[in-house]
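User: I would like to learn how to read a model like this one, feature by feature. Could you take me through the general idea each time and then the case at hand?

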Amino acid sequence: PALSGGCAHPGLCAPPGSQLPCFHGSSTIRNLKERFHMSMTEEQLQLLIDQLVDGSVRSITTKLYDGFQYLTNGIM
């Protein structure tokens, strides 16, 4: 049913007849597609992921959040 409604990726489509407010408005699905980089090739995605991980490893906010998680939940 999702594909027949014109949605190219069923995982990013509102269920038919959905009353969920997050699916109302034309920008929701477009924003999700942009966020998941659905137009990139596997190679482009790998490069992007590598860049995101490298940036996160060097980020002070990542270190602070990891410390918070360790202190509050014992997660490291």
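Predicted model: local features only at pLDDT ≥ 70, side-chain atom pairs only at ≥ 80, totals over all residues.

User: How many helices and strands does the protein chain have, and in what order do the elements run?

Analyst: The protein chain has 3 helices and 0 strands, and read from the N terminus on, the order of its elements is α-α-α.

User: How does one check the length of a helix, taking H3 as the case?

Analyst: The expected span of a helix is 1.5 Å times one less than its number of residues. For the 14 residues of H3 this gives 20 Å, and because the end C-alpha atoms of H3 are 20 Å apart, the two values agree. After H3 comes Gly-74, whose phi is positive, near 70 degrees.

User: Is Gln-69 buried or exposed, and what does its side chain touch?

Analyst: Buried means under 20% relative accessible area. Gln-69 has a relative accessible area of 13%, so it counts as buried. Gln-69 belongs to helix H3, which covers residues 60-73, and its side chain makes a polar contact of 2.7 Å with the side chain of Tyr-65. As a general idea, an α-helix has 3.6 residues a turn, so residues three or four places apart point the same way. Once neighbours within four places in sequence are left aside, Gln-69 is in contact with Gly-74 and Ile-75.

User: What does Leu-45 contact, leaving aside its neighbours within four places in sequence?

Analyst: Leu-45, which sits in helix H2, is in contact with His-37 and Met-40 when those neighbours are left aside. Its relative accessible area is 22%, and therefore Leu-45 is classed as partly exposed.

User: Which residues form a nonpolar patch on the surface?

Analyst: To qualify for a patch, a residue needs over 30% relative accessible area and no salt bridge. Here Ile-49, Val-53 and Val-57 form such a nonpolar patch, and together they have about 260 Å² of accessible area. Val-57 lies in helix H2, residues 42-57, and because its relative accessible area is 56%, Val-57 counts as exposed.

Notes: Residues numbered from 1 in each chain as written. Heavy atoms only, no water. Patch = residues over 30% accessible without salt bridge, like charges linked within 9 Å, V, L, I, M, F, W, Y side chains within 5 Å. Areas by Shrake-Rupley, 256 points an atom, 1.4 Å probe, with all protein chains shown as cover. Salt bridge = Lys/Arg side-chain N within 4 Å of Asp/Glu carboxyl O. Helix = DSSP H or I, 4+ residues; strand = E, 2+ residues; numbered from the N terminus. Buried < 20%, exposed > 50% of the residue type's maximum accessible area, 1.4 Å probe, protein only. Polar contact = N/O pair within 3.5 Å; in protein donor to acceptor, adjacent residues only side chain to side chain. Contact = heavy atoms within 4.5 Å.
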